[in-house]
Amino acid sequence: MGGIRTGLFLLVWFACAWFGSWELNPNNATRLFAAIRMVEDGTATIDPFAPLTIDKAQFGAHAYLDKAPGMTLMALPAIALTDGITGDRAEHHALSSVDPGFVRYLKLRTRVAAATGSALLTAIAAVLLFDLALSLTGSAGAALFAALGYALGTPIWGYSTTLLGHASVGALFVIALAGVARGGARWLGVAGLALGWAVVIEYQAVLAGSAIGLWAVWRHRARPRALAPFLAAGLIGLVPLFAYNLFAFGTPFRIGYSGVVGFEGMNQGLFGLTVPRIAVLREILIGPMRGLLWVAPILFLAPIGLWRLAEARATRALALTAVEVALIALLVNAAYVYWDGGNATGPRHAMPLAGVAALGLAPLWATARTLWQRGVLALVLAGSIAINLTIASAEIFAPPTFRWAWWQAVMQQRFLVGDLRTIPSDWWGWTTWNGLCLWVAVAIPLALWLIQSCARFRPRTRCQI
């Protein structure tokens with residue numbers, strides 16, 4: 001089983017690290033600029049880079065990162081390592097989007113930061129989701145179905161190539177859910193740390209993450225002292241947020257969102273969060289521009305499996321927690337003034353639900369008894385992975401000007417004309433199609449080996465969680 005876990009980790013990490021996203025996308029760039037300035041200049045201001053991004057905060061005469069700082073803090077080692085190896089720094093370039101040397105400088109650091117950040121967390125979460133699903137069903141095939149559905153069958157794959165926080169928060173929710181399910185001081189500590197760090201990456205993660213926290217409290221209500229590692233680790237996970245605020249603004253209680261410029265909607269409600277709207281929720285789920293249905297059809301099967309988990313008393317609380325996390329993520333997205341996420345493929349603000357929702361795919365596969373039932377499920381998964389291969393390799397930042405975003409912005413504008421981002425095409429001088437083919441040549445045999453290994457795995461008795 002250790003070999004299966006290792007193979008799954010490598011497949012998911014390789015898939016996420018092989019492809020890339022546009023380094024000058026404002027959401028990518030502002031986080032990267034802040035990390036560069038902290039490493040190379042010892043300051044949190046992004047003044048020299050400010051003209052290159054519309055995403056920024058203004059306090060007095062200085063420009064800052066306008067996001068939660070988690071992804072920027074995660075990128076610091078990647079920037080320092082890359083600077084140290086290459087000997088290159090931003091000051092060696094003209095800070096311009098038309099300067100090839102500067103663009104290449106940004107591209108390399110974006111890729112390294114994504115590979116050591118979101119991609120790594122997604123791969124870890126895929127393995128923990130596999131383990132959790134295996135403990136529920138006793139079926140390695142069902143566990144693999146859920147893990148691949150989450151990591152490669154949704155835009156989590158594409159967002160793991162970026163410095164945006166959605167994939168990382170989704171992974172941390174899975175890690176926290178698995179930690180609470182396993183129990184024990186060590187795993188409860190892991191769960192608390194994951195939830196605390198999720199808030200440092202995206203402030204609104206406190207809302208969906210609270211469902212996992214409440215489940216942890218409920219599970220250990222008879223032994224409240226057992227929660228000490230969970231609570232302590234959660235507080236530790238929050239420390240970098242206050243440390244960054246103190247470093248950047250001189251006070252631990254100021255956040256970048258309070259100084260956002262150019263987005264007046266952020267003044268509505270609580271930094272843009274108002275009340276959920278039914279029409280927006282419909283667009284998030286099935287709308288042609290951002291609808292989840294068109295970029296992650298596999299997730300629409302998950303509620304069936306979560307229902308089956310909820311039918312069993314031993315797994316009811318776990319199933320309800322997963323449902324609560326998914327519903328809160330959807331409602332938060334529907335309540336956000338900028339719900340469509342600007343340039344985004346799929347409903348990016350709702351994507352943290354992907355991992356916990358995908359848990360429902362495992363019992364769905366395990367209870368599919370006939371060959372044709374599993375064949376249909378396999379086809380839906382294969383279709384979802386194929387869709388997200390095009391997204392991850394071509395365009396995770398689809399503009400809102402396209403009504404049918406996946407087909408028009410991803411397929412027609414990018415993928416079908418070979419406008420892809422792969423390691424060989426960006427760094428080795430290969431064509432983009434050759435870069436894609438090399439990925440296929442490695443990933444497909446590894447995936448087939450995983451499927452074959454899971455098929456040989458002897459089923460175990462269903463565990464009680």
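1. Helices (H or I, at least four residues) and strands (E, at least two) are DSSP runs, numbered from the N terminus, and Trp 433 is placed in helix H21. The model is a predicted one, in which local features need pLDDT of at least 70 and side-chain atom pairs count only at pLDDT 80 or more, while totals for chains, interfaces and linings use all residues. Residues are numbered from 1 along each chain as its sequence is written, and side-chain values use heavy atoms, with hydrogens and water left out.

2. Trp 433 has a relative accessible area of 37% and is therefore partly exposed, where buried means under 20%, exposed over 50% and partly exposed in between (1.4 Å probe, protein chains only). Not counting residues up to four places away in sequence, Trp 433 touches Phe 415, Leu 416, Val 417, Gly 418 and Leu 420, contact being taken as heavy atoms within 4.5 Å. Trp 433 and Asp 419 lie 14 residues apart in sequence, with their C-alpha atoms 9.0 Å apart in space.

3. Two of these contact residues, Leu 416 and Val 417, are touched by Trp 433 and also belong, with Trp 294, Trp 404 and Trp 407, to a nonpolar surface patch of about 530 Å². Patches are made of residues with over 30% relative accessible area and no salt bridge, like charges being joined within 9 Å and nonpolar side chains (Val, Leu, Ile, Met, Phe, Trp, Tyr) within 5 Å; the areas come from the Shrake-Rupley method with a 1.4 Å probe, and for residues only the protein chains shown count as cover. Trp 294 sits in helix H13 (residues 292-295) and, at 36% relative accessibility, counts as partly exposed.

4. Helix H6 (residues 140-151) has twelve residues and reaches 16 Å from its first C-alpha to its last, close to the 16 Å expected at 1.5 Å a residue, where the expected span is 1.5 Å times one less than the number of residues. Because eleven of its twelve residues are buried, H6 is largely enclosed by the rest of the structure; among the buried ones are Leu 144, Phe 145, Leu 148 and Tyr 150.

5. Helix H1 (residues 2-18) has 17 residues, which should span 24 Å, and its end C-alpha atoms are 24 Å apart, in agreement with that value. Its buried residues include Ile 4, Leu 8, Leu 11, Phe 14 and Trp 18, and the elements that cover the buried residues of H1 include H4 (100-116), H5 (118-137), H6 and H21 (432-456).

6. The count comes to eleven salt bridges, a salt bridge being a side-chain nitrogen of Lys or Arg within 4 Å of a carboxyl oxygen of Asp or Glu. One of them joins the side chains of Asp 426 and Arg 111 (2.7 Å, N to O). This pair links distant parts of the chain, with Asp 426 in helix H20 and Arg 111 in helix H4, 315 residues apart. Asp 426 is buried at a relative accessible area of 15%, and Arg 111 is buried at 11%.

7. Another salt bridge, between Arg 37 and Asp 41, has an N to O distance of 3.4 Å. These two residues are four apart in helix H2 (residues 26-41), so about one helical turn separates them. Arg 37 counts as buried at 13% relative accessibility, whereas Asp 41 counts as partly exposed at 42%.
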